[in-house]
Amino acid sequence: LLGTSMNVNMDSVTEIFFKLLFLLSVHNRHMAVAGNKYNCDDQLVSALPQSSFSSSSELSSSHSPGFARLNRREGAGGWSPLVSNKYQWLQIDLGERTEITAVATQGGYGSSDWVTSYLLMFSDSGRNWKQYRQEESIWAFSGNTNADSVVYYKLQHSIKARFLRFVPLDWNPNGRIGMRIEVYGCTYRSEVVGFDGKSCLIYTLNQKLMNALKDVISLKFKTMQSDGILLHREGKNGDHITLELTKGKLSLLINLGDTKTHPSNAQINITLGSLLDDQHWHSVLIEHFNNQVNFTVDKHTHHFHAKGEFSYLDLDYELSFGGIPEPGKSGTLSHRNFHGCFENIYYNEVNIIDLARRH
């Protein structure tokens, strides 16, 4: 970011200092939140009923998935499928959407059956699955080397899901697939609102709390539609900021409006992500400080410097989520309203969905 600032019109030392100060404060705030949040290590599997476990198959009734609890010896001492191949899986239903921060595995008690590597998949519905990824690729977890030692793995990125599925990749060549598992985490607290493609949620900003130099907007969304307006804020002179899903990609459009003053910088359009209409949750973060903008979709961030008077856009004290309240505004008559779900919408730390429910 420092390099970006220096390359664009050589910002003054004072500006650079305050930008770095802001970024450090944001980083420290996130670290503090994480520090509080990650007392999130409760055992989630041990107390689940038998009905919460399922699998692709079972070797016998004494090898059923319900016996797959860590350190337990009931039945044959763990889950084993009918055939050991890469098409088998062990699944748990946590009962509600949960934050998962770690997993642990063990082989079948007193046997030669253990898994040496596996994939982790997660879902909200139990039908539409997503694979856990790390370092930009599908992550294969290292499993066990014997039947009884516990291999614990702290997730680099926590998972928010109701269903979790373990998919064995390799196992002891002198035995078969055998697993006992535990999952660690905590209740995931969230506010969710649904949009039907015809509605929008309007937030009127508290002018006394507004900061002309700083805006932070964050939310998660889930949809099957490839197009739709997620966020819109308009000004009186044609200025507007729009976040729009177009053909499964997210575009952040900043229109400075005053083309006479800024003919070459009147419009900025940044696009991130792809296939975002996959009915999985995707996170969005927009941080605007002075003329610096950070646009993040999932784990990918685009930093850019908005030239001109972006800090002083003549915008209304109104923020619209899910669509544009008045058809035809900003020439966006043909654009669709959002059809899907939003979760945990925050504007400068204000919980928008909670406000909507209470007011």
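**Notebook: loops, strands and a cavity**

I began with Asp298, which counts as partly exposed because its relative accessibility is 28% (buried is under 20% relative accessible area, exposed over 50% and partly exposed in between, with a 1.4 Å probe and protein chains only). The model is predicted, so I note that local features need pLDDT of at least 70 and side-chain atom pairs pLDDT 80 or more, whereas totals for chains, interfaces and linings use all residues. Residues are numbered from 1 along each chain as its sequence is written, and side-chain values use heavy atoms, with hydrogens and water left out.

**Positive phi in loops**

I placed Asp298 in the loop between strand E19 (292-297) and strand E20 (300-305), taking helices (H or I, at least four residues) and strands (E, at least two) as DSSP runs numbered from the N terminus. Its phi is near 55°, a positive value in a residue other than glycine. I also looked up Asn71, in the loop between strand E2 (53-55) and strand E3 (90-106), where phi is near 65° and again positive in a non-glycine residue. Most residues other than glycine have a negative phi.

I followed the antiparallel pairing of E14 with E15 over 6 bridges, where two strands pair if DSSP finds at least two bridges between them. Leu245 in E15 is the bridge partner of Gly228. Strand E15 (residues 240-246) is largely enclosed by the rest of the structure, because 6 of its 7 residues are buried. On to E16, I found E15 joined to E16 by 7 bridges, also antiparallel, with Thr246 partnered by Lys249 in E16. The two strands make a hairpin with 2 residues between them, and Lys247 in that turn has a positive phi of about 55°.

In E14 I looked up Glu234, which is buried at 10% relative accessibility. Its side chain makes a polar contact of 2.7 Å with the side chain of His232 (a pair of N or O atoms within 3.5 Å; within protein, one must be able to donate a hydrogen and the other to accept it, and residues adjacent in sequence count only if both atoms are side-chain atoms).

**Asn344**

I then turned to Asn344 in strand E22 (residues 339-347), which is buried at a relative accessible area of 16%. Its side chain reaches the backbone nitrogen of Glu191 at 2.8 Å, and a polar contact of 3.4 Å joins it to the side chain of Tyr188.

**Strand E12**

For E12 (residues 201-204) I recorded a covered face of Leu201 and Tyr203 and an uncovered face of Ile202 and Thr204. E12 runs antiparallel to strand E21 (residues 318-321), with 4 bridges between them, and Leu201 stands opposite Phe321.

**The largest cavity**

Which residues lie nearest the centre of the largest cavity? I list Asp215, Ile217, Ile241, Ile286 and His288, out of 13 lining residues. By class, the lining has 10 nonpolar, 1 polar and 2 charged residues (nonpolar being Ala, Val, Leu, Ile, Met, Phe, Trp, Tyr, Cys and Pro, charged Asp, Glu, Lys and Arg, and polar the others, Gly among them). Strand E13 (214-222), strand E14 (228-234), strand E16 (249-255) and strand E18 (282-289) each supply at least two lining residues. A cavity here is a set of points on a 1 Å grid over the protein atoms alone where a 1.4 Å probe fits but cannot get out, and lining residues have an atom within 4 Å of a point.

Conventions
On a 1 Å grid over the protein atoms alone, a cavity is a set of points where a 1.4 Å probe fits but cannot get out, and a pocket is an open set with protein on both sides within 12 Å along at least five of seven lines; lining residues have an atom within 4 Å of a point.
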